[in-house]
Amino acid sequence: MLSTPEPAVATRPVPVDRHRPAGRTRWFVALATVTALAVTAAPTGAVAAPVLGPTGRVLAAQRADPGAECPPGQSDCHVWDEEPGTPGSPGNPGGGGGGSGRTCQRNGVTVPCYDDLLGWFNNSDGCYYKRARPQPPGGPAGQTLYLRSCAGAQEPVWLTNPPNGYGTPPDPAELANRALASLTLRRPTVGIAPNRGPGLVGLPIWLWTDPGPTTWGPQRASARAPGLTVNIRARVTKIVWNMGNGRRITCTNPGVEYVPGRDGGGPSPKCGYAGYPRSSHGRPGGTYRITATTTWRVDWWTGGGRRGVLPLQTRTSEPRQLRIDELQVVTG
């Protein structure tokens, strides 16, 4: 005889740092808190029953495979199936759906349609669902066990059909934004010459920034959901120098650093300003306040040939002060 499954008990989510963007939290479910839905005996050929503790709660469903991620100091984790199974319907308002993917929202706020720890988002109830693996034996006929996660509260549920939106690929742009969140796009550095004293009215100003990958690019990353992988490439397309006097200089390259004794007093061959028409005397602090703003272009593409561009990203430097004096002519 099969025993009756115990009533559901609330699971305790354990936060795990998965390098998510600010404001997003992922959870991993410890085995010791997973609801007991096992039976004391299973029919021949069924999956072996989990190990039960004195209260009947599951102590270990299976050893986490080497690739599984557990909370610190915990080696046994419940492994949830990432296979999408048979997709459900796209869901209610905000569900999207179809070959172009879908968007997901909770209380008017866009959320990931798929989370590799929580599963697939259901627009109908604002919860995530993930299919339990392995399925415990002795469950209701024709039903599948899912872990439902709603605003931090988690519970197992038996369902006859997959939840709305289950297995439907998200909008590729959503995955592209997730990949972008894993990159570091830093503010540009401000390189100017003259830099060993004040400059002079009318003399050229050299401008440059660090051409490294975090300040200029390119950088690459990818993000995936079952059945869909999106790759991105981020790079700076221009840098705009605000010279502090109303003039703006736009360059499509990072410029080149000025080297005293080598470059003389001529203009920069890459990026520069022809010269200030008047001194900085009378300005706040007696200097011009120079800043630089980079514009990042982020292209994305999928293995299926779909392509797109995310909204442009900008980063602005800290200000740099430059003093400009009048050229004094001494006559005999």
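C251 and C271 form a disulfide (a pair of cysteine sulfur atoms within 2.5 Å), with their sulfur atoms 2.0 Å apart. The link of C251 and C271 is right-handed, with 85° about the S-S bond. This pair connects distant parts of the chain, 20 residues apart: C251 lies in strand β17 (residues 248-251), and C271 in the loop between β17 and β18. C251 is buried at a relative accessible area of 6%, and C271 is buried at 1%; buried means under 20% relative accessible area, exposed over 50%, and partly exposed in between (1.4 Å probe, protein chains only). The model is predicted: local features require pLDDT of at least 70 and side-chain atom pairs pLDDT 80 or more, while totals for chains, interfaces and linings use all residues. Residues are numbered from 1 along each chain as its sequence is written, and side-chain values use heavy atoms, with hydrogens and water left out.

The structure holds three disulfides. In another of them, the sulfur atoms of C127 and C150 are 1.8 Å apart. The torsion about the S-S bond of C127 and C150 is about 110°, so this disulfide is right-handed. The pair links distant parts of the chain, with C127 in strand β9 (residues 127-131) and C150 in strand β10 (residues 144-150), 23 residues apart. C127 is buried at 5% relative accessibility, whereas C150 is partly exposed, with a relative accessible area of 25%. A disulfide also joins C104 to C113, with an S to S distance of 2.2 Å; the link of C104 and C113 is right-handed, at 115° about the S-S bond. C104 is buried, with a relative accessible area of 0%, and C113 likewise counts as buried at 0%.

The protein contains one helix and 23 strands, taken as DSSP runs numbered from the N terminus (helices H or I, at least four residues; strands E, at least two). Three strands form an open antiparallel sheet in the order β12-β14-β18, where two strands pair if DSSP finds at least two bridges between them. β12 (191-193) and β18 (272-273) are the edge strands, each pairing on one side only. β12 pairs with strand β14 (residues 205-208) in the antiparallel sense over three bridges, and I192 stands opposite L207 in β14.

Of the 332 residues of the protein, 42% count as buried. Among contacts (heavy atoms within 4.5 Å) with a separation of 6 or more, 62% are between residues 24 or more positions apart.
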